[in-house]
Amino acid sequence: MANLGGELEFTLLGLCELELPKNCAKPYLHIALQLRAELKPASGVFGVEIAVGKSSYLLCPDCHITGGAALYTWFAPSEHQGDFVLTIGGYHPAFAVPAHYPKVNRVGIAWQVSREVSLKGEAYFALTPSCAMAGANLSVTYENGDLKAWFTAWANLLVAWKPFHFLAEIGVNLGVSYRLNLLFCHKTLTVSIGGSLRLWGPPTGGSVEIHLPFRKSVPNA
């Protein structure tokens, strides 16, 4: 599609679907992609954006896939000439995203494995002229009546070369809680253990945190 009003623009819209294995009653992968590409010669912008459709899943229909990706580049006469960005799932939490960069949702999965167990995960990657970044997180939750248990893990990495510096962090957390119902009083006991490691440089440094809390909450009956 070409828009000739005011400024010359070219836009391409598309939709594609993929299933694996093909011609199978219960494929383990179904992904629907929405594509949008645009070229604005007068503004000096070329970009492609991809979004994962709501019908996409992995392994089974209950394991939903979400997220998006984008590739943008700027050329003369744009004020951002020479800049570009490739991202799958967005950016590092500490990255100051320029206003002209596309906003992209995290690539993720959400899976209700069973009535008691649920799993969620997210990931991202991005590359720009000045830095690269990547990260992921995963959480698994078990709930059965008044009992709840969980496990979470995450990692983030940012490396820049204009000027050179890096930031890396990883962490895990494991916990369990139980709600006690004592006549007209309700108490929730929570025990969790976790830790995180954070590194940066230059100058090179780091920190380690260990969490060993024991909490007791007594909400109103």
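Student: Why is the pair Glu38 and Arg36 called a salt bridge?

Tutor: In this predicted model, the closest N and O atoms of Glu38 and Arg36 are 3.3 Å apart. The cut-off is 4 Å, so the pair counts as a salt bridge.

Student: What makes Glu38 buried?

Tutor: Glu38 has a relative accessible area of 10%. Buried means under 20%, so Glu38 is buried.

Student: Why does Arg36 count as partly exposed?

Tutor: Arg36 has 35% relative accessibility.

Student: How many salt bridges does the count come to?

Tutor: The count comes to two salt bridges. One of them joins the side chains of Glu169 and Arg198, at 3.2 Å from N to O.

Student: What makes Arg198 partly exposed?

Tutor: The relative accessible area of Arg198 is 34%. That value falls between 20% and 50%, so Arg198 is partly exposed.

Student: Why is the pair Trp74 and Tyr101 called stacked?

Tutor: The count comes to five aromatic pairs. In the pair of Trp74 and Tyr101, the ring centres are 5.7 Å apart and the planes are at 10 degrees. Centres within 6.5 Å make a pair, and planes under 30 degrees apart count as stacked, so this pair is stacked.

Student: Where in the chain do Trp74 and Tyr101 lie?

Tutor: Trp74 is in strand S7 (residues 68-74), and Tyr101 is in the loop between strand S8 (84-88) and strand S9 (107-112). The two residues are 27 residues apart, and the pair links distant parts of the chain. Tyr72, Trp74, Tyr91, Phe95 and Tyr101 form one aromatic cluster.

Student: How do you know whether Trp74 and Tyr101 are buried or exposed?

Tutor: Trp74 has 5% relative accessibility, and Tyr101 has a relative accessible area of 6%. Buried means under 20%, so Trp74 is buried and Tyr101 is buried.

Student: Which strands each supply at least two residues of the nonpolar patch?

Tutor: They are S13, S14 and strand S15 (205-211). The patch is on the surface and has about 920 Å² of accessible area together. Its residues include Phe151, Ile170, Leu197 and Val208.

Student: What makes Phe151 partly exposed?

Tutor: Phe151, in strand S12 (residues 147-161), has a relative accessible area of 33%. That is between 20% and 50%, so Phe151 is partly exposed. A patch residue needs over 30%, so Phe151 passes that cut-off too.

Key:
Residues are numbered from 1 along each chain as its sequence is written. This is a predicted model: local features need pLDDT of at least 70, side-chain atom pairs count only at pLDDT 80 or more; totals for chains, interfaces and linings use all residues. Side-chain values use heavy atoms; hydrogens and water are left out. Rings of Phe, Tyr and Trp (its six-membered ring) pair if their centres lie within 6.5 Å; planes under 30 degrees apart count as stacked, over 60 as edge-to-face and the rest as tilted. Helices (H or I, at least four residues) and strands (E, at least two) are DSSP runs, numbered from the N terminus. Buried means under 20% relative accessible area, exposed over 50%, partly exposed in between (1.4 Å probe, protein chains only). Patches are made of residues with over 30% relative accessible area and no salt bridge: like charges are joined within 9 Å, nonpolar side chains (Val, Leu, Ile, Met, Phe, Trp, Tyr) within 5 Å. Accessible areas come from the Shrake-Rupley method with a 1.4 Å probe; for residues, only the protein chains shown count as cover.
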